[in-house]
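Here is a short report for a reader who is new to this structure. Please keep the sequence and the 3D view open while reading.

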Amino acid sequence: MLNIAICDDDIQTTGRMELLIQKIAKQNFVDTEIEVFWNGEGLVDAVIEGSGFDIIYLDIEMDKEDGISAAKRIRMYDKNVLIIYVTSHETHMSESFLVRPFQFLVKPVSKQQMEACFKAAYEDINSGDFYFRYSYQRVNRKIPIRDILYFESNKRKVFIVTEKGNFELYGKLNEIENSLRTGKVSFLRVHQSFLVNYKHVIGQAYDFVVLDNGEKISISEDRRKMISEQYCSMEDTFYVDE
């Protein structure tokens, strides 16, 4: 399921784009959920409230809040969503690069251009391992993997500790570890109960690792040699004192 947002202050444009994306997605056997916004403020509010969009089609020139300003605020809360600018002019392109747009589409956008962009975005999302996806209380959820500090298991539950808060699910840490092995982000199993995101490790001692939020996670005795070898084989290694 791809969660998609369309933001443009022209109702005819949003209607045409929504129908076009639905048709393209159906032809390519991709399930989508599309939400339409007619100003940047509403879109940003939805992102702040936790709407986990995979793709945002964003007009640059809007009255209440332009696409550049909206995208800058979105990036404060979501570093991974693919932003695709749909614009009538190319004059703002240089400024828009600050928010790492995925692509530009110049109006009027043809079906062929829209389909090529949609396929590229879908492929990028599936190959990028952006999200850890899970189900809890009959709701499908997702968390950007880059935001995850570590997983902690406690009996039948696994707690997902992130930069923005903690989440939980029922499951086994071994299964989560196996599902993450094919991804691009490395995780270290420092303890039977802890699976740590290497990207957030800033130091390693004999019996613990230090995360970039200052937290220390213990390394179990039977894993110390293995973790030391794994950590030393990765770049930017350094040690800390207690």
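## D59 and its salt bridge

D59 is buried, with a relative accessible area of 3%. This is a predicted model. D59 pairs with K107 in a salt bridge, and their closest N and O atoms are 3.5 Å apart. The two residues sit in distant parts of the chain, 48 residues apart. D59 belongs to strand 3 (residues 55-59). K107 is in the loop between strand 5 (103-106) and helix 5 (111-128).

K107 is partly exposed, at 23% relative accessible area, whereas D59 is buried. The pair also belongs to a network of salt bridges that links D8, D59 and K107.

Why are E115 and K111 separated by about one helical turn? They are four residues apart in helix 5, so about one helical turn lies between them. E115 and K119 are likewise four residues apart in helix 5, and therefore also separated by about one helical turn.

Now look at accessibility. E115 is buried, with a relative accessible area of 19%. The cut-off for buried is under 20%. K111 is partly exposed at 25%. K119 is partly exposed too, at 41% relative accessibility.

## A buried charge without a bridge

R224 is found in helix 7, which covers residues 224-232. R224 is buried, yet has no salt bridge. Which side chain of opposite charge is nearest to R224? It is D207, 4.6 Å away.

R224 still has contacts. Leaving aside neighbours within four places in sequence, R224 touches Y206, D207 and I219.

## The chain as a whole

The protein chain has 242 residues, and buried residues make up 45% of them. It holds seven helices and 15 strands.

Contacts across the sequence can be counted as well.

## The largest pocket

Rolling a probe the size of a water molecule over the atoms shows where empty space is left. The largest pocket holds about 790 Å³ of space. Of the 25 residues that line this pocket, the closest to its centre are G50, S51, G52, K142 and I143.

Which element gives the most to the lining of the largest pocket? Strand 7 does, with five residues. Strand 7 spans 139-144. Helix 2 (40-48), strand 6 (131-136), strand 7 and strand 10 (166-170) each supply at least two lining residues.

Ten residues are nonpolar, seven are polar and eight are charged.

## Two more places to look

V201 lies in strand 13 (residues 201-204). Is V201 buried or exposed? V201 is buried, with a relative accessible area of 9%. Beyond its neighbours within four places in sequence, V201 is in contact with V196, V209, V210, L211 and Y231. V201 and F187 are 14 residues apart in sequence, and their C-alpha atoms are 9.9 Å apart.

E49 lies in the loop between helix 2 and strand 3. E49 is exposed, at 70% relative accessible area. E49 and Y77 are 28 residues apart along the chain. Their C-alpha atoms are separated by 9.7 Å.

Note on methods: Residues are numbered from 1 along each chain as its sequence is written. This is a predicted model: local features need pLDDT of at least 70, side-chain atom pairs count only at pLDDT 80 or more; totals for chains, interfaces and linings use all residues. Side-chain values use heavy atoms; hydrogens and water are left out. On a 1 Å grid over the protein atoms alone, a cavity is a set of points where a 1.4 Å probe fits but cannot get out, and a pocket is an open set with protein on both sides within 12 Å along at least five of seven lines; lining residues have an atom within 4 Å of a point. Grid points are joined across faces, edges and corners, and a volume is the space filled by probe spheres set on the points. Ala, Val, Leu, Ile, Met, Phe, Trp, Tyr, Cys and Pro count as nonpolar, Asp, Glu, Lys and Arg as charged, and the others, Gly among them, as polar. Buried means under 20% relative accessible area, exposed over 50%, partly exposed in between (1.4 Å probe, protein chains only). Lys and Arg count as positive and Asp and Glu as negative; His and the chain ends are not counted. A salt bridge is a side-chain nitrogen of Lys or Arg within 4 Å of a carboxyl oxygen of Asp or Glu. Contact means heavy atoms within 4.5 Å.
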